[in-house]
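Q: Hello! I am new to reading protein structures, and I would like to learn how to describe what I see. Could you guide me through this one?
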Amino acid sequence: MIRLTNINKEYDLGETKVSALKDVSLEIGRGDYAAIMGPSGSGKSTLMHILGILDTISSGQYYLEDYDITSLPDREQARIRNQHFGFIFQSFNLFPELSALENVMLPMSYAGVPWTRRKDRARDLLAEVGLEHRMTHLPTMMSGGEQQRVAIARALSNDPDLILADEPTGNLPSDKGEEIMQILEGFNRKGVTVVMVTHNPAQGERADRVIRLKDGVLLPEQEVVRA
Amino acid sequence: MHSETAKILSRRFTDRFMESGLLIIAVALGIGAASSGIALLANTISSGRKTLESPTYREIVVSSVGEADDMTEPVSLRPVQENAVLTSADLDAAGLVPAVNYAYVQNYSRMSFINEESISREQAMRAQFAAQAPPEGDFGAPPAGDASESAPALEASGGDPGAAPEGAPGGSPGGEEPPGRPEQYSEEDLAAMAAESSILISELEEARGYKVTPEFFSASGVDVAAGSFFSQQDMTGSSSIAVLGHELALSFLEEGDEPDSLIGKQILTREGLVTIIGVLESGEQDEVFFEPYRSSGGGDFRRSVMNTQLRFSVSDPEKLDETALQLQEWFTRQFGEQQIVISNPRAEAQQLISRNTGLALLIMFLSLSGLFIASVNVSNILMSRSMRMKKHVGILMALGASRSRIAKLFALESLVITMAGALAGMIISLPLGNYMQSSLGIDGGTWAFTLLGVLLSALLTLSFGLLPARQFSRIDPALAMRAA
């Protein structure tokens with residue numbers, strides 16, 4: 001589904017340049033469940049942002065379904081992010097001005113889904129993550145685990161091909177983190193591709209693939225062998 | 001704008017109600033002051049141009065006495081002794097100055113009407129006078145001036161009804177006396193006259209007007225709605241005739257009557273019966289009357305009234321200065337130095353307009369400076385608000401918002417603040433602009449300039465308010481998401 005070839009990412013810091021990713025080539029297949037791991041500063045978040053077309057690349061090619069989308073105009077990139085990708089963040093990043101329902105409806109509004117349809121879809125998704133009783137609540141009135149479940153429902157609202165999760169359990173206690181992992185894995189079993197950045201080796205081992213980075217370089221991938 | 005995004009904007013706006021309110025007030029004050037300044041300058045220039053288009057400002061005024069109050073235009077006059085006596089022959093000076101196309105006399109006059117009220121007042125005064133008078137035999141004549149001012153009819157001589165007493169304000173020059181008038185009018189006389197369909201009794205106490213020579217009408221560009229102007233032949237007769245301004249004529253008409261019906265009718269005045277020969281079209285001279293300025297037998301205007309003004313109308317305003325010099329030369333030769341005042345109302349008006357324009361320009365500059373400072377501050381606050389939202393902008397972009405959509409979001413916020421400020425600014429601007437205009441003595445200002453001022457000021461404020469939108473139209477989503 002996604003193919004990155006010889007991706008380099010450099011940050012220009014005035015007189016010096018910092019290389020965040022070095023000659024990274026990677027393929028993500030449809031239905032994959034992959035974990036990106038590595039120490040701090042290894043380029044995990046940069047790779048995540050490049051996969052989500054949130055950041056530009058210095059050189060290399062990005063193919064989505066064999067289409068080169070390396071240098072698409074902003075409007076087209078926004079459309080791909082909206083309709084093909086779903087994002088989940090460590091700190092949830094819900095809009096405090098909107099209710100749980102409205103937060104889930106938001107990405108659908110950019111896709112032009114009519115109000116009643118997006119409302120129905122948001123209700124279904126919130127019910128699916130177990131929040132049918134919290135739909136009208138503002139994020140500030142919800143626990144961290146509930147907020148992350150709203151974020152998952154929001155990420156799924158446009159029925160994406162790929163969910164990019166950046167340390168989705170990083171701000172949660174372990175029991176709530178486990179709930180989130182189970183929800184993500186449940187959607188993966190239904191066919192949604194999941195790529196997750198994590199520091200947690202146990203969570204990494206639950207993925208089908210572990211993509212390791214060190215100093216911006218992709219290490220040889222190891223197949224996870226399940227017992 | 002998609003509804004969830006609009007909700008984010010509106011809820012952020014109301015959550016920071018105090019900050020949003022202060023922003024709107026700052027914009028309102030800036031726009032209010034600046035639009036008033038712009039409107040003031042525009043109205044000053046427009047009013048000045050309109051003023052100078054008037055035929056009055058294409059004239060040179062030659063005056064025999066220096067009373068500024070006697071002038072109809074803002075002219076600077078030096079006080080002079082009235083040694084010179086202007087004569088009708090002096091109008092012939094026009095023939096020596098090629099640029100002059102009309103020459104005429106225009107002097108103030110007044111018409112006092114006789115009606116029930118004036119008769120009652122007069123009777124009361126007579127009764128009071130009789131009560132205070134010494135016994136018969138000791139009765140001394142009252143001072144002439146007092147008597148003529150307080151009760152002109154008391155001094156009347158002659159016995160024919162329908163003529164004016166001598167010495168009344170605006171009385172016939174040269175002492176020519178229209179035939180026939182009673183010593184005084186009684187209520188019975190009045191009733192008898194009112195019964196005659198050709199005599200009009202005014203409900204007014206008096207009317208202002210001018211004694212003019214025929215070329216006045218050509219020079220001022222007025223036209224008659226009914227009847228005619230007086231002619232050169234009328235200048236030598238003794239009949240009392242008048243041309244009425246439109247509004248004054250309407251005061252004699254019954255509802256539905258046309259001005260034509262007034263022609264040939266006579267108005268009862270203290271000076272006798274005055275025959276209406278014309279009614280002017282509606283215009284600048286609506287509430288006044290015009291009567292012929294008649295010289296005494298010799299053709300001079302000697303002592304008929306205290307001030308005589310000769311007016312020389314010039315077709316090309318560029319030639320006014322040159323004309324004034326030529327007339328000055330002629331009148332100095334005739335009367336000597338310092339005897340005649342020659343003034344150029346256009347030059348005086350231009351000086352006044354120039355002073356007012358300068359003041360208005362200064363006020364506009366200061367108010368625009370205020371608006372500029374307010375706009376910079378508003379822009380800074382909006383930028384600060386949007387920077388606080390930077391991370392959320394990154395999230396919106398991750399969820400599928402394009403840069404242009406984000407820019408529109410911030411532009412909408414600026415637009416709402418600017419529009420609310422502009423509306424409040426307009427409410428400030430209208431009375432403020434009117435007050436500033438009236439303090440500079442500018443008439444005829446239009447709201448259109450205030451609206452134009454509000455629009456221009458709002459555009460300036462909006463251009464500053466759009467800076468955050470402009471900045472976010474180039475933002476990198478990954479960079480925005482890293483914001484704290």
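A: Gladly! Let us begin with one residue: Phe290(B) has 0% relative accessibility, so Phe290(B) counts as buried. Keep in mind that this is a predicted model.

Q: What cut-off makes a residue such as Tyr210(B) buried?
A: Buried means under 20% relative accessible area. Tyr210(B) has 10% relative accessibility, and therefore counts as buried.

Q: How do I describe two aromatic rings that lie side by side?
A: A pair of aromatic rings is described by two things, the distance of the centres and the angle of the planes. Over all chains, this structure holds 15 aromatic pairs. One of them is the stacked pair of Tyr210(B) and Phe290(B), with 5.9 Å centre to centre and 20° between the planes. This pair links distant parts of the chain. Tyr210(B) sits in strand S4 (residues 206-212) of chain B, and Phe290(B) in strand S9 (residues 289-292) of chain B, 80 residues apart.

Q: What kind of pair do Phe216(B) and Phe217(B) form?
A: Their planes are at 75° and their ring centres 5.2 Å apart, so the pair is edge-to-face. Phe216(B) and Phe217(B) are both buried.

Q: Which residues do ring pairs link into a cluster?
A: The cluster is made of Tyr104(B), Tyr108(B), Tyr210(B), Phe216(B), Phe217(B), Phe229(B), Phe230(B) and Phe290(B).

Q: Now for the two chains. How many residues does each chain bring to the contact?
A: Chain A brings 28 residues and chain B brings 27 residues. The area buried between chain A and chain B is about 2500 Å², and carbon and sulfur atoms give 57% of that area. On the side of chain A, Phe95(A), Glu97(A) and Tyr110(A) supply 28% of the area that chain A buries against chain B, more than any other three residues.

Q: How many salt bridges are there between chain A and chain B?
A: The count is six salt bridges. For a case to look at, take Glu4(B) and Arg118(A): they form a salt bridge whose closest N and O atoms are 3.0 Å apart. Across the interface there are also 12 residue pairs in polar contact.

Q: Which helices of chain A each supply at least two residues of the side that touches chain B?
A: They are helix H2 (74-84), helix H3 (100-110) and helix H4 (115-128) of chain A. H3(A) gives the largest share, six residues. By type, the residues on this side of chain A divide into 14 nonpolar, six polar and eight charged.

Q: Is Arg149(A) buried or exposed?
A: Arg149(A) has a relative accessible area of 14%, so Arg149(A) is buried. Arg149(A) is found in helix H5 (residues 144-155) of chain A. Leaving aside neighbours within four places in sequence, Arg149(A) is in contact with several residues, among them Val129(A), Leu131(A) and Glu179(A).

Q: And the backbone? Where is Asp23(A), and what is its phi?
A: Asp23(A) is in strand S2 (residues 16-28) of chain A. Its phi is positive, about 50°, although Asp23(A) is not a glycine. At 48% relative accessibility, Asp23(A) counts as partly exposed.
Glu65(A) also has a positive phi of about 50° and is not a glycine. Glu65(A) lies in the loop between strand S4 (59-64) and strand S5 (67-68) of chain A, and is partly exposed with a relative accessible area of 34%.

Note on methods:
Residues numbered from 1 in each chain as written. Chains lettered and ligands numbered in written order. Predicted model: local features only at pLDDT ≥ 70, side-chain atom pairs only at ≥ 80, totals over all residues. Heavy atoms only, no water. Contact = heavy atoms within 4.5 Å. Buried area = accessible area lost by both parts, 1.4 Å probe. Salt bridge = Lys/Arg side-chain N within 4 Å of Asp/Glu carboxyl O. Polar contact = N/O pair within 3.5 Å; in protein donor to acceptor, adjacent residues only side chain to side chain. Helix = DSSP H or I, 4+ residues; strand = E, 2+ residues; numbered from the N terminus. Nonpolar A, V, L, I, M, F, W, Y, C, P; charged D, E, K, R; others polar. Phe/Tyr/Trp six-rings, centres within 6.5 Å; stacked < 30°, edge-to-face > 60°. Buried < 20%, exposed > 50% of the residue type's maximum accessible area, 1.4 Å probe, protein only.
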